[in-house]
Amino acid sequence: DYLLAPAEPESPLVSMPPRPMAPRALVLVPTALERARLTGLGELVEAAGPDLALELVGFGPVAAAARTAALVARLAPERVLLVGIAGSFDTEALELGSATGFEDVAIDDLGAGRGDGYLDPAALGLPQWQAGDAAPIYERLPLEPVPPGMPAAPMLLTVPTASGDAGHAAECAARHPGAAAEDMEGFAVALACYLTGTPLTILRGISNRVGERDKSSWRIADALTAVDRLAVSLLHP
């Protein structure tokens with residue numbers, strides 16, 4: 001009797017991990033050192049509730065571009081915020097231990113040649129990216145406007161190799177008039193966000209003078225405290 005026949009085994013259900021909810025904001029921190037100190041401060045971490053995600057983005061432009069692209073594709077945030085430390089080209093204008101946002105971001109040392117013979121992508125006629133009739137992207141990208149009343153500097157300069165001394169810093173500043181600070185991830189994150197149409201704000205705490213490699217004079221703790229407070233005020237005005 002078919003009623004007494006052993007039942008056909010049921011097909012096992014495949015358990016799929018739930019797709020993460022899209023956060024309102026994706027907060028990116030370059031290094032584990034920066035994240036550990038920000039975690040210790042607590043304010044930004046406490047702000048990273050269901051509508052905020054706090055993730056490492058990696059050190060340097062290559063890791064930062066790849067990681068940002070992967071995170072934005074997976075999480076689909078409404079906006080991205082990059083926080084961390086940076087060096088100041090002029091510590092009277094941008095003091096150690098302070099924090100600021102930026103109007104735009106550029107990248108240095110991408111092109112051909114060195115010193116006086118250096119040619120950037122625009123000089124070479126080789127945009128990093130151009131889609132259809134859109135304007136080509138050479139070495140500079142705008143960022144989301146910083147809210148009124150929040151400190152803002154004109155330009156953040158991203159470098160693959162941090163300035164090693166005052167002479168190196170002066171060369172970078174001469175190639176990019178208006179550069180206020182130097183970092184190693186900003187432009188990479190900006191390009192990844194631009195290609196996905198995701199708004200990006202960059203906030204950096206000023207830990208050192210560009211070209212100063214003696215870390216005994218750096219103010220990392222003060223810079224991260226300042227950028228932590230600035231980020232919280234931006235995310236929760």
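**Note on the structure**

1. Asp 109 belongs to the loop between β4 and α4; helices (H or I, at least four residues) and strands (E, at least two) are DSSP runs, numbered from the N terminus. The model is a predicted one, in which local features require pLDDT of at least 70 and side-chain atom pairs count only at pLDDT 80 or more, whereas totals for chains, interfaces and linings use all residues. Residues are numbered from 1 along each chain as its sequence is written, and side-chain values use heavy atoms, with hydrogens and water left out.

2. The backbone of Asp 109 deserves a check: its phi is positive, at about 65 degrees, although the residue is not a glycine. Most residues other than glycine have a negative phi, and most peptide bonds are trans. Asp 109 is partly exposed because its relative accessible area is 31%, where buried means under 20%, exposed over 50% and partly exposed in between (1.4 Å probe, protein chains only).

3. With which residue does Asp 109 form a salt bridge? The partner is Arg 114, and the closest N and O atoms are 2.7 Å apart; the term denotes a side-chain nitrogen of Lys or Arg within 4 Å of a carboxyl oxygen of Asp or Glu. Arg 114 has a relative accessible area of 64% and is therefore exposed. The structure holds 9 salt bridges.

4. Asp 108 is in the loop between β4 and α4, while Arg 175 is in helix α5 (residues 166-175). These two residues form a salt bridge whose closest N and O atoms are 2.8 Å apart, so the pair ties together parts that are 67 residues apart in sequence. Is Asp 108 buried or exposed? Asp 108 is buried because its relative accessible area is 2%, whereas Arg 175 is partly exposed at 27% relative accessibility.

5. Arg 175 has a second contact to record. Its charged end sits over the ring of Tyr 118, 4.9 Å from the ring centre; the criterion is NZ of Lys or CZ of Arg within 6 Å of the ring centre and within 35 degrees of the ring normal. Lys 215 is placed likewise, with its charged end over the ring of Trp 218 and 5.3 Å from its centre. How many aromatic pairs does the structure hold? The count is 0, taking rings of Phe, Tyr and Trp (its six-membered ring) to pair if their centres lie within 6.5 Å, with planes under 30 degrees apart counted as stacked, over 60 as edge-to-face and the rest as tilted.

6. A further salt bridge joins Arg 67 and Glu 55, with 3.2 Å between the closest N and O atoms. The pair links distant parts of the chain, since Arg 67 is in helix α3 (residues 61-75) and Glu 55 in strand β2 (residues 52-56), 12 residues apart. At a relative accessible area of 32%, Arg 67 is partly exposed.

7. Ala 76, in the loop between α3 and β3, also has a positive phi, of about 50 degrees, although it is not a glycine. Its relative accessible area is 42%, so Ala 76 is partly exposed.

8. Helix α6 (residues 186-196) is mostly covered, with 8 of its 11 residues buried. The buried residues of α6 are Gly 186, Phe 187, Ala 188, Val 189, Ala 190, Leu 191, Ala 192 and Cys 193.

9. Ser 88, in strand β3 (residues 79-88), is buried because its relative accessible area is 0%. A polar atom of the Ser 88 side chain lies 2.9 Å from the backbone oxygen of Leu 94. In strand β4, Ile 107 is likewise buried, at 9% relative accessibility. The C-alpha atoms of Ile 107 and Tyr 138 are separated by 9.0 Å, the two residues being 31 apart along the chain.

10. Leu 119, Leu 124 and Leu 126 make a nonpolar surface patch of about 250 Å². Patches are made of residues with over 30% relative accessible area and no salt bridge, like charges being joined within 9 Å and nonpolar side chains (Val, Leu, Ile, Met, Phe, Trp, Tyr) within 5 Å; areas come from the Shrake-Rupley method with a 1.4 Å probe, and for residues only the protein chains shown count as cover. Leu 119 is in the loop between β4 (99-107) and α4 (121-124), and its relative accessibility of 38% makes it partly exposed.

Notes:
A polar contact is a pair of N or O atoms within 3.5 Å; within protein, one must be able to donate a hydrogen and the other to accept it, and residues adjacent in sequence count only if both atoms are side-chain atoms.
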